[in-house]
Amino acid sequence: MTVHELSREEARRISVRAQLLDASRPDDLFDVVRTLAFLYYDPNAAVAPAAELIVWSRLGSEFDPTTLADALAEQRLVELRGVIRPIEDVALYRAEMLAWDTPAPGEPEWRQSLRDWVDDNDGFRLDLLEQLRADGPLRSRDLPDTSVRSWRSTGWTNNRNVRQMLELLVARGEVALHGRANGDPLFDLAERVYPDAVVPAASALRMRDERRLRALGLVRPRALESPDEPVGEPAVVDGVRGRWRVDPAQPGRPFAGRAALLSPFDRLVYDRKRLAELFEYEYLLEMYKPAAARRWGYFALPVLYGDRLVGKLDATADRRAGVLRIDALHEDVDFTPQMSEAVDREIDDLATWLGLIPIRR
């Protein structure tokens, strides 16, 4: 098979186009979610919640966030494994759920320890399922803790028995996230949320890899779930060590770029190593750093222009004051007048979408 020889520019353009961030915008919310495979969920709303901001970056200010909330409430989209997915993609994970109780060859010891904890608390598990069947969907704090062995952890989950059991019942396919109420997860029986369809495990892994490659355009083989039989075609990127897999539909296609402001949880920038390799772009989410140690801001948005990431926007949505505060626009390269104009338009569009007045320092 021919190995695609890509320049860094070609690799970046493939990535940007696959992520629906080129000049050809998608049509609606479901086009975005199905093409990207999922949206990261994060509640931080320094600018806007991550999933909403990711969709706005593709659709612009015409995107109404209530359509996302409605799709989740109607279970056309669903939260699974920490991200928002099309409901039909749940079938790609059901085989793993059904096999959760069966030890896999070579699995780490901690997997068996999870099964042991659930087995020791089987009465607790049944109590939760009975309560959900009668009264679900419910928040975790609305459910009783009847555990006989507490969950032990050095982290924040220590002794949070109800929440930990619910998470494991989601992994087992017995419980599902029904939605959220004021940000709190609502849990219900999986049979009332998920479709019945189950894709066999081997086929499911292949299909998940196909979705990942389509969404990213270009991936390292190790990023795939079946690296021994990888999807796509082999590629190398000039100036970057190692092999890649490329979506065969991508090389050679024309490219027209635009400006975009991205969530720190956007898939284009989420893999920081890939970001450095292909885009030669340095970025850290600094909201967990002391203010004095931040270089770019609490929740700085990466700035895309064409096929390059060219800066960071330090902005905060002050909803009480009705303003979008633009504290700084950090330029990694000197902006041309055309770049400045395009980025300013995106800032204005972001403010319009948020219903806020942009205030620049």
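## Terms and model

Helices (H or I, at least four residues) and strands (E, at least two) are DSSP runs, numbered from the N terminus. This is a predicted model, in which local features need pLDDT of at least 70, side-chain atom pairs count only at pLDDT 80 or more, and totals for chains, interfaces and linings use all residues. Residues are numbered from 1 along each chain as its sequence is written, and side-chain values use heavy atoms, leaving out hydrogens and water.

## The sheet

An open sheet of mixed pairing is built from four strands in the order β1-β8-β9-β7; two strands pair if DSSP finds at least two bridges between them. β1 runs parallel to β8 (residues 233-237), and three bridges join them. Glutamate 5 has valine 236 in β8 as its bridge partner.

## Helices on the sheet

Helix α1 (residues 8-18) packs on the sheet and touches β1, β7, β8 and β9 (240-246), contact meaning heavy atoms within 4.5 Å. The direction of α1 makes about 100 degrees with that of β1. Helix α11 (residues 272-279) lies across β7, β8 and β9, at about 105 degrees to β9. Axes are lines fitted to C-alpha atoms, for helices over the stretch in contact, with angles from 0 to 180 degrees between N-to-C directions.

## Helix α2

In helix α2 (residues 29-36), Leu29, Phe30, Val32, Val33 and Leu36 are buried (under 20% relative accessible area, 1.4 Å probe, protein chains only). Seen down the axis, these buried residues fall within an arc of 155 degrees, so they line one face of α2; the arc is that of the directions from the helix axis to the C-beta atoms.

After α2 comes alanine 37, with a positive phi near 80 degrees.

Conventions: Buried < 20%, exposed > 50% of the residue type's maximum accessible area, 1.4 Å probe, protein only.
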